[in-house]
Amino acid sequence: MAAAMNGDLNENDCNQNNLNSSVNETNSTISSHTNCKDPQDEFISSWGFNLDELYILAATFLKEKEGKAFHISYKDKLSLVAFSKQVIHGKFIEEKSPPVGYLDVIGRDRRQAWQALGDMSQRDAKSGFINLLNNICPLFRPFVLAHKCDLEEKERRRLEEEERKRQEAEEEEQMRLEEEQLRLEEEKRLKQEKERQKQNQQNSLSQVVIVFKQKTASSFPPCSPYSPDLAPSDFHLFLNMKEFLGGQHFGSDGESENAVTTWLNELSMTWGF
């Protein structure tokens, strides 16, 4: 029993030493990032993604590929778990953490690794997670680069599709404008044709009237101010004739006619008829 306990203690001491070494390496990496103007700029320039995006890719890569494409040591696994808990929950607090069983060696080691990170910020924990995974797994960077190429290809296709749709929209708009222009020109042409036909009809009618007048001008005499079939009115003579005949007696119609004829002759000589 004593030998077994001594073996567990030695193993725990070894794990603790490995954790301390991992934390020291992470702290040195974090301090190098802290000296930079902006850690986001460094990750974008070297990886093509900002810190948050790259951390999500790193966590996805570890979940999908660990145990299949690569294997990591127990010490590195503890460090990665500790960084993940620091990112999700922040600083380790004993009172808020559930108790660990006496035989739960892995749980106790993970808690010690998490506790060793102290007050490390979420940004530094993400940075430590990414750098550690990159150092222990040479497949991580190609995975990120492949993901970047895939995103760039999707973006290129999206831009090409947008450009194609834009060109199609421009062509459709150009065709619409051309059709509208042709329609307006056709309407204008039809209107001008209609006006020209109307003018031609008027001119033709005018020519017909002119020709008709020219042909019929010699057939009709000049119009007189009164109808030639009607005699001029001479009713004004009746009063004078009544005065002339008044008091006279004629024995026959012939005598009355001769008297009236004589009166008219005298009247014409007087008035100049």
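In what order do the elements of the protein run from the N terminus on? They run α-α-α-α-α-α-α-α-α. The protein has 9 helices and 0 strands. Both are DSSP runs numbered from the N terminus: helices are H or I with at least four residues, strands are E with at least two.

This is a predicted model: local features need pLDDT of at least 70, side-chain atom pairs count only at pLDDT 80 or more, and totals for chains, interfaces and linings use all residues. Residues are numbered from 1 along each chain as its sequence is written, and side-chain values use heavy atoms, with hydrogens and water left out.

**Whole chain**

Show the surface. The protein exposes about 20100 Å², and carbon and sulfur atoms supply 55% of it. Accessible areas come from the Shrake-Rupley method with a 1.4 Å probe; for residues, only the protein chains shown count as cover. Of the 273 residues, 21% count as buried. Buried means under 20% relative accessible area, exposed over 50%, partly exposed in between (1.4 Å probe, protein chains only).

Switch to contacts, meaning heavy atoms within 4.5 Å. Among those between residues at least 6 apart in sequence, 72% join residues at least 24 apart.

**The core**

Select Leu54, Phe129, Ile130, Leu133 and Phe140. These have the most contacts inside the largest nonpolar core, which has 30 residues. Such a core is a set of buried Ala, Val, Leu, Ile, Met, Phe, Trp, Tyr and Cys residues joined through side-chain atoms within 4.5 Å. Now colour the helices. Those giving two or more residues to this core are α2 (39-47), α3 (51-65), α4, α5 (105-116), α6 (122-136) and α7 (140-216). The largest share, 7 residues, comes from α3.

Centre on Leu133. Not counting residues up to four places away in sequence, Leu133 touches Ala58, Phe61, Leu62, Phe70, Leu80 and Phe140.

**Salt bridges**

A salt bridge is a side-chain nitrogen of Lys or Arg within 4 Å of a carboxyl oxygen of Asp or Glu. By this rule the count is 19.

Go to Asp52 and Lys126. Their closest N and O atoms are 2.8 Å apart. The pair links distant parts of the chain: Asp52 sits in helix α3 and Lys126 in helix α6, 74 residues apart. Which of the two is buried, and which is partly exposed? Lys126 is buried, at 10% relative accessible area. Asp52 is partly exposed, at 37%.

Move along to helix α7. Glu155 and Arg158 meet in a salt bridge at 2.3 Å, N to O. They lie 3 residues apart, about one turn of the helix. Glu155 is partly exposed at 34%, and Arg158 is partly exposed at 37%.

Next, pick Arg166 and Glu170. Their closest N and O atoms are 2.3 Å apart in a salt bridge. Both lie in α7, 4 residues apart, about one turn of the helix. Arg166 is partly exposed at 38%, as is Glu170 at 45%. Salt bridges that share partners also join Glu153, Arg156, Arg157 and Glu160 into one network.

**A surface patch**

Select Tyr74, Val105 and Ile106. They make a nonpolar surface patch of about 230 Å². Patches are made of residues with over 30% relative accessible area and no salt bridge: like charges are joined within 9 Å, nonpolar side chains (Val, Leu, Ile, Met, Phe, Trp, Tyr) within 5 Å. Tyr74 is in helix α4 (residues 74-89) and is partly exposed at 34%.

**Last stop: cysteines**

Pick Cys137, then Cys149. Cys137 is buried at 1% relative accessible area; Cys149 is partly exposed at 47%. How many disulfides does a search of the whole structure find? The search finds 0, a disulfide being a pair of cysteine sulfur atoms within 2.5 Å.
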